[in-house]
Amino acid sequence: MYKLCTFFIRLYYQIHRLPSQSLLLLIHMMMSLKPTQYHIKSNLEVGIYDKPKLGLLSEETPQLFRDETGVDPYSFATGLLKMKSETTSTA
């Protein structure tokens with residue numbers, strides 16, 4: 001639980017250190033992401049071909065949305081939340 005809490009605290013400061021004018025950069029990074037369709041290798045090995053997945057390739061994802069294991073869904077979700085909160089507060 002402690003690791004999860006410290007993760008969210010670090011993520012909060014990482015996102016909120018961005019100045020407001022960086023909103024356009026954040027939007028650009030989000031819009032440049034390219035979802036990719038793929039199959040899980042273990043499914044293919046047992047003959048399951050009708051369950052494709054949709055995801056992001058770590059190599060094509062900006063560093064802000066990655067961690068040491070790949071694409072970080074918490075950073076991605078927080079980026080979307082920041083975009084929404086800043087766009088609704090300026091509207």
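This is a short tour of the structure above, stop by stop.

**Before you start.** The model is predicted, so local features need pLDDT of at least 70 and side-chain atom pairs count only at pLDDT 80 or more, while totals for chains, interfaces and linings use all residues. Residues are numbered from 1 along each chain as its sequence is written, and side-chain values use heavy atoms, with hydrogens and water left out.

**Stop 1: the whole protein.** Show everything. You have four helices and four strands. These are DSSP runs, numbered from the N terminus: helices are H or I with at least four residues, strands are E with at least two. Along the sequence the pattern reads α-α-β-α-β-β-β-α.

**Stop 2: confidence.** Colour by pLDDT, the predictor's confidence in each residue, from 0 to 100. The mean for the protein is 78, and 70% of its residues reach 70 or more. Select helix α1 (residues 2-16): among the elements, its mean is the lowest, at 61. Now select helix α3 (residues 41-45), which has the highest, 93.

**Stop 3: the core.** Select Leu23, Leu26, Met29, Met30, Leu33, Leu64, Phe65 and Met83. These eight residues form the largest nonpolar core. Four of them come from helix α2 (residues 23-31), the largest share. Such a core is a set of buried Ala, Val, Leu, Ile, Met, Phe, Trp, Tyr and Cys residues joined through side-chain atoms within 4.5 Å. Buried means under 20% relative accessible area, exposed over 50%, and partly exposed in between (1.4 Å probe, protein chains only). Of the 91 residues in the protein, 25% are buried.

**Stop 4: leucine 33.** Stay on this core residue. Which residues does leucine 33 contact, leaving aside its neighbours within four places in sequence? They are Leu56, Thr61, Pro62 and Phe76. Contact means heavy atoms within 4.5 Å.

**Stop 5: two rings.** Select phenylalanine 65 and phenylalanine 76. The structure holds one aromatic pair. The ring centres of phenylalanine 65 and phenylalanine 76 are 6.0 Å apart and their planes stand at 70°, so the pair is edge-to-face. Rings of Phe, Tyr and Trp (its six-membered ring) pair if their centres lie within 6.5 Å; planes under 30 degrees apart are stacked, over 60 edge-to-face, the rest tilted. Phenylalanine 65 sits in the loop between β2 (53-55) and β3 (66-67) and phenylalanine 76 in helix α4, so the pair ties together parts eleven residues apart in sequence. Phenylalanine 65 is buried, at 0% relative accessibility. Phenylalanine 76 is partly exposed, at 25%.

**Stop 6: serine 75.** Finish in helix α4 (residues 73-90), where serine 75 lies. Is serine 75 buried or exposed? Serine 75 is buried, with a relative accessible area of 2%. Its side chain makes a polar contact of 2.7 Å with the side chain of aspartate 72. A polar contact is a pair of N or O atoms within 3.5 Å; within protein, one must be able to donate a hydrogen and the other to accept it, and residues adjacent in sequence count only if both atoms are side-chain atoms.
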